[in-house]
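Colleague: I'm new to reading structures. Could we go through this one together?

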Amino acid sequence: MPTVDSAGADGQNKVQRTYEAIRSRIADGTYPAGHRLVLGSLAREFEVSPVPVREAVRLLQAEGYVHFQRNVGATVAAIDPVEYQQTMQMLAVVEGAATALAAPYLTKADLAKAAKINDRMRASLDKLDPPAFTRLNREFHEVLYARCPNPKLIEVVRRGWSSLAVIRDSTFAFVPGRAGSSVAEHDQLLDLIRTGAGAEWIEHRARSHRTATVDAFLSWEADQDKAP
């Protein structure tokens with residue numbers, strides 16, 4: 001099929017599609033840390049010229065997903081476990097507070113929407129797609145904190161989520177067993193909000209939910225370090 005450069009609307013669409021495909025493979029572990037991104041091979045696979053692939057890889061480099069190494073080329077960046085832990089610890093605090101503050105303002109429609117998202121997450125457990133599961137997870141939590149009356153706190157939470165996307169979009173790609181526990185914890189959080197539990201209980205549940213995820217990831221990370 002004919003190929004095009006990145007100029008023009010069709011070229012930009014090719015860059016976007018190529019970017020999304022590579023980013024998804026990084027997020028779900030298909031391309032692990034250190035994996036070489038050979039532009040020519042990717043161009044042939046995606047049936048585009050090398051130009052959209054090069055542009056897509058540059059975007060991924062700007063977002064921290066890809067590193068360029070001399071005499072090697074583009075490779076998938078490793079996860080920084082320290083940065084991940086610190087970002088998750090920060091999110092545990094600020095998102096827990098935002099969720100607790102938002103709870104009195106959540107409507108029945110909000111809670112029904114969150115429950116429906118969690119049901120979709122539950123239904124996906126048998127054939128887990130980590131990036132898709134993570135997107136639903138983000139949607140679920142945004143419903144619960146979006147009505148927080150402190151806009152500055154919401155801004156900090158959203159910055160934290162954006163930072164996580166740079167580190168890695170989907171923790172569940174590395175610890176898929178955490179997905180089922182996460183859904184169950186969502187149910188518990190919703191029950192607390194529905195029954196009018198105190199803010200301290202809601203904040204504690206939201207915070208422990210987040211820290212359980214980082215604990216699972218760090219345990220996986222430690223196991224990788226021990227592997228021969």
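Colleague: In which helix is the place of glutamate 95?

Modeller: A word first: this model is predicted, so local features need pLDDT of at least 70, side-chain atom pairs count only at pLDDT 80 or more, and totals for chains, interfaces and linings use all residues. Residues are numbered from 1 along each chain as its sequence is written, and side-chain values use heavy atoms, leaving out hydrogens and water. Helices are DSSP runs of H or I with at least four residues, numbered from the N terminus. The run holding glutamate 95 covers residues 81-102, and that is helix H4.

Colleague: Does glutamate 95 count as buried or exposed?

Modeller: Buried means under 20% relative accessible area, exposed over 50%, and partly exposed in between (1.4 Å probe, protein chains only). Glutamate 95 has 4% relative accessibility, so this residue counts as buried.

Colleague: Which side chain does glutamate 95 join in a polar contact of 2.4 Å?

Modeller: A polar contact is a pair of N or O atoms within 3.5 Å; within protein, one must be able to donate a hydrogen and the other to accept it, and residues adjacent in sequence count only if both atoms are side-chain atoms. At 2.4 Å, the partner of glutamate 95 is arginine 210.

Colleague: How far apart are the end C-alpha atoms of helix H8?

Modeller: The expected span of a helix is 1.5 Å times one less than its number of residues. Helix H8 has 17 residues (178-194), so it should span 24 Å, and the distance in the model agrees: 24 Å.

Definitions and conventions. Helices (H or I, at least four residues) and strands (E, at least two) are DSSP runs, numbered from the N terminus.
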